[in-house]
Amino acid sequence: MTQDEMKKAAGWAALKYVERDTIVGVGTGSTVNHFIDALATIKDDIQGAVSSSEASTAKLKQLGIEVFDLNNVSEIAVYVDGADEINDRMDMIKGGGAALTREKIVAAVAKKFICIVDNTKEVSILGDFPLPVEVIPMARSYVARELVKLGGDPEYRQGVITDNGNVILDVHNMKILDPKVMETKINAIVGVVTNGLFANRGADVLLVGTPEGVKTVTSK
Ligand code: 5RP
């Protein structure tokens, strides 16, 4: 089974968590693209979606799913998104696709976060995947120096501008033993918009595509 087949299995498995006649929160990435394909098969049974990126918005619209402005939506029952790493406490690193800020906003509104991954994303300690940090452009060098003080090795993601007009620093070589504390510390650096640690608001349900089928993990 290929990695993409495992992503697809996880993406389609998320469909059963979608509540009829609601607005669905939709993340970003190759795994979510499979979920959007699945969602299109029940598009007449939902009101529509709130999207976490221009890329997902384009795909949702192309498949005939209405996309709502989050400011006009008071409730999202379920948010479905992928991750770059997830540990057994349901803390995640996200932002490989540079959509972390909008993802974190939609996740904050949602009642339930369904994380969909293939089995390469499960880790015991977060940090092998470089941690993305979205930064206001003029603060890039200052924030990089502050991230070094926290023990990381930040690298400017060349040529990438986020949907919000900002830049990304990818922080290498961090063993993140306390994700909640690190998430809070990095977010406190002036000039940081947000970072890709999703620990203070982690996943509620994890669906992992594996060669043996989709494994379901529920947060304790
Ligand atoms: C985008 C993300 C994605 O969820 C993450 O990068 C996983 O992507 P993929 O499903 O393509 O492996 O956080 O900002």
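Predicted model: local features only at pLDDT ≥ 70, side-chain atom pairs only at ≥ 80, totals over all residues.
Residues are numbered from 1 along each chain as its sequence is written, and side-chain values use heavy atoms, with hydrogens and water left out.

In an unreviewed entry, UniProt lists Glu 103 under "active site"; UniProt positions follow the numbering used here, feature names are shortened, and annotations may be inferred rather than shown by experiment. Glu 103 belongs to helix α4 (residues 100-109). Helices (H or I, at least four residues) and strands (E, at least two) are DSSP runs, numbered from the N terminus. With a relative accessible area of 3%, Glu 103 is buried. Buried means under 20% relative accessible area, exposed over 50%, and partly exposed in between (1.4 Å probe, protein chains only). Beyond residues up to four places away in sequence, Glu 103 touches Thr 28, Ser 52, Tyr 79, Asp 81, Lys 94, Gly 95 and Phe 198, where contact means heavy atoms within 4.5 Å.

Arg 157 is located in the loop between β8 (153-156) and β9 (167-172) and counts as buried at 16% relative accessibility. Apart from neighbours within four places in sequence, its contacts include Gly 95, Pro 132 and Asp 170.

The largest nonpolar core comprises 25 residues, and Val 26, Phe 35, Leu 39, Ile 114 and Ile 116 have the most contacts inside it. At least two residues of this core come from each of β1 (23-26), α2 (30-40), β3 (76-81), β6 (110-118) and β12 (205-210); α2 supplies the largest share, six residues. Such a core is a set of buried Ala, Val, Leu, Ile, Met, Phe, Trp, Tyr and Cys residues joined through side-chain atoms within 4.5 Å. In soluble globular proteins, nonpolar side chains tend to be buried together.

The largest pocket is lined by 16 residues, of which Thr 28, Gly 29, Ser 30, Ala 83 and Asp 84 lie nearest its centre. A pocket is an open set of points on a 1 Å grid over the protein atoms alone, where a 1.4 Å probe fits, with protein on both sides within 12 Å along at least five of seven lines; lining residues have an atom within 4 Å of a point. The largest share of this lining, three residues, comes from α2.

Asp 21, which is not a glycine, has a positive phi of about 60° and is exposed, with a relative accessible area of 54%. Asn 173 likewise has a positive phi, near 60°, and is exposed at 61% relative accessibility. Most residues other than glycine have a negative phi.
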